[in-house]
Amino acid sequence: SGALQPFGGGLRLSTQTSIPRGSGLGTSSIMAGAVLSCLAHLLGREVSQAELFDEVLCLEQMLTTGGGWQDQVGGLLGGIKLITTEPGLPQRIQVEPLHLSPGVETELARRLLLVYTGQQRLAKNLLRAVTGRWMARDPEMVWILKEIARLAVAMQDALRTGGIDRFGNLLGEHWALNKRMDPGCTNPFIDGLFEAMGPYICGGKLAGAGGGGFAIVIVRGGDGAQRLAQALSARYPNTPVAIWPCTIPSEAMIVRRID
């Protein structure tokens, strides 16, 4: 196109990741946001946060993944935040940053872990099952989604007040709701994994739609992380099941030039 003539008439896009496929970490939406942001920057186009979030949603729907509603918001903006939106379309996303005290931030960084299940999954099928029940206004599904929204606010309060144990318990409540929402988000292997982790964690859940990928867990105080690592190594030798290093970045991909 004419816009690409200064660059030789075309572009070659290469992407690379060290995260396994089917991770549940929202990587498709995050990558879509990164690509769209880079293309806008290349073409000298100013893109607001709201526009970028909407463009990712449109792209994900065009790709028929069913995603793109919120993953990019969590991944492209740094820090911990409460993300809300009013009913209806277009989405009007509000982002409320959560600023932790230094002590809570340090403790959370020590106790928040990602555990790889070794299981790959496709969120598309899980999302279809969930949205189908929602579209039919299944009473249980309506109640579950209201509870999940309530849990998000309760998690914000727990972190704000330094209740790391309580935050972990709330993750466990969220996981119980996920399993009621769609039994396909778990399987006997994953149930066994959570049972094995039980003595060492305050709570946890699978990331994203579930079915595999990574578990997000809060280990108990003291040497909880070391004890969990030893327990997983003993129970799942010679498998991909393991703790992966993780951190919460204070800044993420969206640069300051985007308002």
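Ser23 counts as buried, because its relative accessibility is 2%; buried means under 20% relative accessible area, exposed over 50% and partly exposed in between, with a 1.4 Å probe and protein chains only. The model is a predicted one, in which local features need pLDDT of at least 70 and side-chain atom pairs count only at pLDDT 80 or more, while totals for chains, interfaces and linings use all residues. Residues are numbered from 1 along each chain as its sequence is written, and side-chain values use heavy atoms, with hydrogens and water left out.

Ser23 sits in the segment before helix H1 (27-42); helices (H or I, at least four residues) and strands (E, at least two) are DSSP runs, numbered from the N terminus. Not counting residues up to four places away in sequence, Ser23 touches Gly213 and Phe214, where contact means heavy atoms within 4.5 Å. The side chain of Ser23 also reaches the backbone nitrogen of Leu25 at 3.2 Å. A polar contact is a pair of N or O atoms within 3.5 Å; within protein, one must be able to donate a hydrogen and the other to accept it, and residues adjacent in sequence count only if both atoms are side-chain atoms.

Two packed helices are described by the angle between their axes and the distance between the axes. H1 packs with helix H2 (residues 49-62) at an angle of about 120 degrees, the axes being 9 Å apart. Axes are lines fitted to C-alpha atoms, for helices over the stretch in contact, and angles run from 0 to 180 degrees between N-to-C directions. The angle therefore makes H1 oblique to H2; angles under 35 degrees count as roughly parallel, over 145 as roughly antiparallel, 65 to 115 as roughly perpendicular and the rest as oblique. The crossing of H1 and H2 is right-handed. A crossing is left-handed if the near helix is turned anticlockwise from the far one by less than a right angle, and right-handed if clockwise. H1 contributes Ser28, Ser29, Ala32, Gly33, Leu36 and Ser37 to the contact, and H2 contributes Leu52, Glu55, Val56, Leu59 and Glu60. By class, this contact has five nonpolar, four polar and two charged residues; Ala, Val, Leu, Ile, Met, Phe, Trp, Tyr, Cys and Pro count as nonpolar, Asp, Glu, Lys and Arg as charged, and the others, Gly among them, as polar.

H6 and H7 form another helix pair. Their axes are 9 Å apart and the packing angle is about 165 degrees, so H6 is roughly antiparallel to H7. H6 passes H7 in a left-handed crossing. The residues of this contact divide into 16 nonpolar, two polar and seven charged.

In H6, Gln156 is buried because its relative accessibility is 10%. Leaving out residues up to four places away in sequence, Gln156 touches Leu82, Glu96 and Leu98. In H7, Asn178 is buried because its relative accessibility is 8%. Beyond its neighbours within four places in sequence, Asn178 is in contact with Ile148, Cys185 and Lys205, and its side chain makes a polar contact with the side chain of Lys205 at 3.3 Å. Asn178 and Ile144 are 34 residues apart in sequence and 8.4 Å apart in space, C-alpha to C-alpha.

Helix H5 (residues 123-135) contains Val130, which counts as buried because its relative accessibility is 18%. Apart from neighbours within four places in sequence, Val130 contacts Met141, Met181 and Asp182. The C-alpha atoms of Val130 and Met141 are 8.1 Å apart, at a sequence separation of 11 residues.

The loop between H5 and helix H6 (139-160) holds Arg137. Its phi is near 55 degrees, a positive value in a residue other than glycine, and Arg137 counts as partly exposed because its relative accessibility is 48%. Asn238, in the loop between helix H9 (224-235) and strand E6 (242-244), also has a positive phi, near 60 degrees. Asn238 is exposed because its relative accessible area is 84%. In the loop between strand E1 (80-85) and strand E2 (93-98) lies Pro90, and the peptide bond from Leu89 to Pro90 is cis, with omega near 0 degrees.

In helix H8 (residues 188-197), the buried residues include Ile190, Gly192, Leu193, Phe194, Ala196 and Met197. Their cover includes strand E3 (112-116), helix H7 (164-181), strand E4 (201-206), strand E5 (214-219) and H9. At the start of H8, a side-chain oxygen of Asn187 reaches to within 3.0 Å of the backbone nitrogen of Phe189.
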